[in-house]
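I opened a new notebook page for this structure.

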Amino acid sequence: MNVTQATRLIAEREIRVKLRDRTFLFGTLFFLLIAAAGTILPPLFSGGPSTVAATESLAAPLRAAGLEVRVVPDDRAAEQSVRDDDVDAAVVTGPAVLAMDDAPDDVVKALSTQPTVRLLDPDAVDPVVAFLVPFVFAFVFFITSQTFGVQIAQSVIEEKQTRIVEILVAAVPVRALLAGKVVAGAILAFAQIALIAVVAVIGLQIGDSGGLLSLLAPAIGWFVPFFLIGFVLLAAMWAAAGALANRQEDIAAVSTPVQFAVMLPFFAVIFLNDNATAMRVLSYLPFSSPTAMPLRLFTGDAAGWEPIVSLVVLVLAAGAFLLAGARVYEGSLLRTNGRTSLRTAWRERETIG
Amino acid sequence: MTRTLRLDGVDRSFGDRQVLRNVSFEVSAGRMTGFVGANGAGKTTTMRIILGVLAPDAGEVTWGGTTLTRQDRRSFGYMPEERGLYPKMTTREQVTYLGRLHGLDAAAARRSTDALLDRVGLGERGDDLLETLSLGNQQRAQIAAALVHDPEVLVLDEPFSGLDPLAVETVVAVLRERASAGAPVLFSSHQLDVVERLCDDLVIIGDGVIRAAGSRQQLRDSYTVPRFELVVEHDAGWVRDHPGVTVVELDGARVVFDLPAGTDEQPVLRAALARGPVRAFRPVSPSLTEIFREVTQ
């Protein structure tokens, strides 16, 4: 049996155990519901033309605009209908538009003549969407890498804490053990995201936001490789952190640096996403590039070669972190007396075959 | 499959502390070798080095004359001192999994697991989660985990600790089976009486140095000062005054005494007969505990 076969057996076990874990299954279900609700419901709430109260003399242009018109005898009755919340708005002599607390855009539009609009920067995205999309990308990467990263660390600690690790290490190379966990985590994380993405896409179509989908497609396409490699980078850190601990209770203490490596890029991307210079820098830094680069592609700020360069940087960083993570993992896996310091783990690993 | 496992000049330090010094001994095929020593004497470190979990600083472990490879070690069965399996998996599932990690294909691993669980008396509980089993049953599962791939060499660190007497018998029977099938079996234990009853060969370690090694009988012979037990009809106090005798224990009519090496014991017997009836007169072999005390001091 070679390292690849051993890695596969180990990954299979990790996945099998996870798929039976209720917390994991309910968590996934919860995300799916959010994705479905988030894509289907907003168009439903904002959807539907406004209902307008108006006298017959003012009704024609409103009907022409596809609004639901309730004909009332006079302006006073129209105003009363709005106050009674029977209709969204009223049009009275003037013409003036009455509404309670929110100007009804579709009614205003029906009564206005609009100038021809020529967009000089046609890529510009709806500001609401421009705010939401970075948030969603960053959030998905943050939550997923956090969830599955913690699980990798927990699985490492479980093997240390139960001491089964000694039997495992006697049977398979330590690297296969580490690789199996990272691979299993990546597969599960990716499968979960793919499932959520499928639900979101279906939701967008049901909710009739297909236009947004075509805008998002290239960003999502790039997000996939960035996500996978970014995840491997973090997974290596999580596994090493887990190996330093000795009991599940230690996990918070040993994983603080990893938490920062996940959290800081998340907030940076959220808060700086309209600062072009900051985003350019973030889109090349290994920890933030998985979210920042797809975003710059989404907003059309990045040239075609940029994601490729950034991806290469990320691959190199992930490779380096895997090697370093493996070294720390090997150096601390069999130290079962309390927490191991990073320094000890780094310097005194066993040269086992 | 009659290969001998050999350790040759193995050294190992942790930081400044040297825990093994020039450790050399053999575990012969088909024999049960007991490995005894005080806590911290280096038993676990030695076993971990045999299994490749730790690397020696110097020296090597050979099997059938060639240096051990990872491939060889995969055919070894190992039971670490500190026990543990996955709490959230069933016994059957994890024993099968460990079989596969040791190189069995899926079908062979399943077959072997089923047979072993029956053998150690876990057949009925095989599909329960490990964490729901009693401690004794978890120990049986651990034995099954060490044996699932039909190992060619067995290395067991304290296999009997925590076992109820019934489970001890089961484990002893299983280990004997393996030994008589030709596998070298090395096991450590604090329970010297168990080791004494079970082992064919014995290795005694103290402070990281092998103090004695050989067959049980050989060790007995070489660490024995001539010691005898005499039981007479009345008081045996007179033995104290017999030339050359050192009394070890005197209890009314029963006395245990040593003689200088090479001294004939028959004159003592004749003297006893001259005083009256003799109920018993026999040589006393030292117990393992006594040998152990002597060589580790």
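I began with a helix pair: H3(B) passes H4(B) in a right-handed crossing. Right-handed has the near helix turned clockwise from the far one by less than a right angle, left-handed anticlockwise. Helices here are DSSP runs (H or I, at least four residues), numbered from the N terminus.

The model is predicted: local features need pLDDT of at least 70, side-chain atom pairs count only at pLDDT 80 or more, and totals for chains, interfaces and linings use all residues. Residues are numbered from 1 along each chain as its sequence is written, and chains are lettered from A, ligands numbered from 1, in the order in which they are written.

I looked up the angle next. Helix H3 (residues 91-101) and helix H4 (residues 106-119) of chain B pack at about 130°, with axes 8 Å apart. I noted that axes are lines fitted to C-alpha atoms over the stretch in contact, and angles run from 0 to 180 degrees between N-to-C directions. The angle makes H3(B) oblique to H4(B), a term for what is left after under 35 degrees (roughly parallel), over 145 (roughly antiparallel) and 65 to 115 (roughly perpendicular).

Which residues meet? From H3(B) I listed Thr91(B), Arg92(B), Val95(B), Thr96(B), Gly99(B) and Arg100(B); among their partners in H4(B) are Ala106(B) and Leu117(B). Contact means C-beta atoms, placed from the backbone, within 7 Å.

Then I turned to the chains. The contact takes 20 residues from chain A and 25 residues from chain B. On the side of chain A, H7(A) gives the largest share, 7 residues.

Key. Contact = placed C-beta atoms within 7 Å. Helix = DSSP H or I, 4+ residues; strand = E, 2+ residues; numbered from the N terminus.
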